[in-house]
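Here is a short briefing for a first look at this model. Start with the sequence and the structure, then read on by topic.

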Amino acid sequence: MNAPSATAGRLALPIFLFAAAAVTGWRFLVLSASPLNLSFDEAQYWLWSLSPDWGYYSKPPFVAWSIALAQGVCGEGEACIRMPSSVAYAIGSVFVFLAARHQWGNQVAFWSGLAFLTLPGVAYSSMLVTTDPPLLMFWAMALYAVVRAQDSDRPIGWWALLGVAMGLGLLSKYAMILFALSLALYLGFTSQARQQAGWRGPALAGLLALLLYLPNFFWNAANGFASYLHTKDNANLAGPLFHPEKMAEFVGSQFAVFGPLLFASLLVFLILVKTSAKDARLRLLAFLTLPILLLMIVESLLSRANANWAAPSYVAGSVLVTAWLAQKNRLGLVRLSVVLHMTLATLVYNYEQALSLLGLPLDAKTDIAKRLKGWPEAGARVAELLGQHPGAVLMSDDRKLMASLSYYARPRSLAAVKWNPTGRVRDTFDLNASFKGNSESQLVFVTERETIPEIAQSFDAADALGLIRQPIHPGYSIDMHVFLLTGYKGR
């Protein structure tokens, strides 16, 4: 290697870190200036963060832990609650860079890492707090560990890192198990890789992942396996099992998640996979990309699949497509994709200004974020009603209302209970905050229903306190009907 090349090699990582920091800093600024309220799912995750645990009704605990950590650093505003997502994607992009550099060198590494960091799905997800960002961060860490373990003289440390990544990934989202299954497929179908891996490394990785994950299993065992049952219900395989229209919708959505040029390139790679995957490095990446994507396409045909469910495949997929196009002297398509994705992100992050520049009105039809507006005002009115009835407890029959009001009607909303006459556990509030019944209870009941005859019959008095209506646009508002319930008689 000549001197200029060696210097460029040493600078590759610092240059990429600078680029990743610039993109992440930009996202921090967008979050800080955003007026958008928390969605009900985000508010629910925030509520979980107040009581750190090893598990929650619908998700493993890492998302709540990350919010708790962020609040310790920058407070409990919406921007701070969402910032862990941008941080997770930045860290994940560094692992993508490192994995690609080990296999392909600095040029492919730089564009693989940047392609991943600027994917449309990543750009959108960076503005929300969900379980996907930590999952993809640990997925990228696992990818790097596997790539290093493949050709290391002393691979045991890399297998250990893989175990840690998979264990923490499982504590982020159960979809991490798909990484282990994809790797098992790769080892099962590739005799050379299987012989090279041996059994000690994979066994160590599996053992470490299991040990890290076990506390969540024990939490589930103590709570009726609530998270597992919720995940099974999400698969929704009980009804008719043929939905070609949903499969078409899912496949179409992947052009928006991975980017139109990158997803089209991935489809071409898939069509030509017999010849494209002859390179052992591409074969490994293909096994960590395509089975998950194909599994989700089948799931969408049998039932449904949300657009983000295939997102883990695009961690290795970013390297796969970038390296394959580089082999074909088509790296310009990746550069063009990064520019296109950054442009799209700029438009989405400045959606209202973009509409204005196009001369389009912001109304109930065009406002894609209308559900994330008006909650501070609506919550303040609920808090005011609670203040007018000292000692009354907030109650609702709706998970979404309870989650949003828990954050926006603080502090008394933190003690809210849920009306759950059947005792069936269908959400986190059924599990942890069901109304147990007390004849001396006074309840401020908030619901989307205008009348509540079946609930009123369980109380001595059910007095209407009125309608809380927070207008967002003409024809769209937050509507909550409020009742004062006293003298509980039993269900």
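Asp41 and Arg399 meet in a salt bridge, with their closest N and O atoms 3.2 Å apart. The model is a predicted one. A search of the whole structure finds 13 salt bridges.

**Salt bridges**

- Side chains of opposite charge can pair when their charged atoms come close.
- Asp41 is partly exposed, because its relative accessibility is 29%, between the limits of 20% and 50%.
- Arg399 is also partly exposed, at 23% relative accessibility.
- Arg281 forms a salt bridge with Asp279, and here the closest N and O atoms are 2.8 Å apart.
- Arg281 has a relative accessibility of 32%, so it counts as partly exposed.
- Asp427 and Lys418 join their side chains in a salt bridge of 2.7 Å, N to O.
- Is Asp427 buried or exposed? Asp427 is buried, at 6% relative accessibility.
- Lys418 is buried too, with a relative accessibility of 3%; the limit for buried is under 20%.
- A network of salt bridges links Lys418, Arg426, Asp427 and Asp430.

**Helix packing**

- Two packed helices are described by the angle between their axes and the distance between the axes.
- Helix 4 covers residues 78-104 and helix 7 covers residues 132-151; their axes come within 8 Å and cross at roughly 15 degrees.
- Helix 4 is therefore roughly parallel to helix 7, since angles under 35 degrees count as roughly parallel.
- The crossing of helix 4 and helix 7 is left-handed.

**A surface patch and Phe225**

- Which residues form a nonpolar patch on the surface? They are Phe217, Phe218, Phe225 and Leu229.
- Together these four residues have about 370 Å² of accessible area.
- Phe225 lies in the loop between helix 11 (200-222) and helix 12 (226-235).
- Phe225 counts as partly exposed, because its relative accessibility is 33%.
- Phe225 is not a glycine, yet it has a positive phi of about 55 degrees.

**Other loop residues**

- Asn329 is not a glycine either, and it has a positive phi of about 60 degrees.
- Where is Asn329 found? Asn329 is in the loop between helix 18 (313-327) and helix 19 (331-349).
- Asn329 is exposed, because its relative accessibility is 67% and the limit for exposed is over 50%.
- Arg410 and Pro411 are joined by a cis peptide bond, with omega about 5 degrees.
- Pro411 belongs to the loop between helix 22 (399-408) and strand 2 (417-418).
- Pro35 is in the loop between helix 1 (3-33) and helix 2 (40-49).
- Pro35 has a relative accessible area of 66%, so it is exposed.
- Pro35 and Gly374 are 339 residues apart in sequence, and their C-alpha atoms are 10.0 Å apart in space.

How values were computed: Residues are numbered from 1 along each chain as its sequence is written. This is a predicted model: local features need pLDDT of at least 70, side-chain atom pairs count only at pLDDT 80 or more; totals for chains, interfaces and linings use all residues. Side-chain values use heavy atoms; hydrogens and water are left out. Patches are made of residues with over 30% relative accessible area and no salt bridge: like charges are joined within 9 Å, nonpolar side chains (Val, Leu, Ile, Met, Phe, Trp, Tyr) within 5 Å. Accessible areas come from the Shrake-Rupley method with a 1.4 Å probe; for residues, only the protein chains shown count as cover. Helices (H or I, at least four residues) and strands (E, at least two) are DSSP runs, numbered from the N terminus. Buried means under 20% relative accessible area, exposed over 50%, partly exposed in between (1.4 Å probe, protein chains only). Axes are lines fitted to C-alpha atoms, for helices over the stretch in contact, and angles run from 0 to 180 degrees between N-to-C directions. Angles under 35 degrees count as roughly parallel, over 145 as roughly antiparallel, 65 to 115 as roughly perpendicular and the rest as oblique. A crossing is left-handed if the near helix is turned anticlockwise from the far one by less than a right angle, and right-handed if clockwise.
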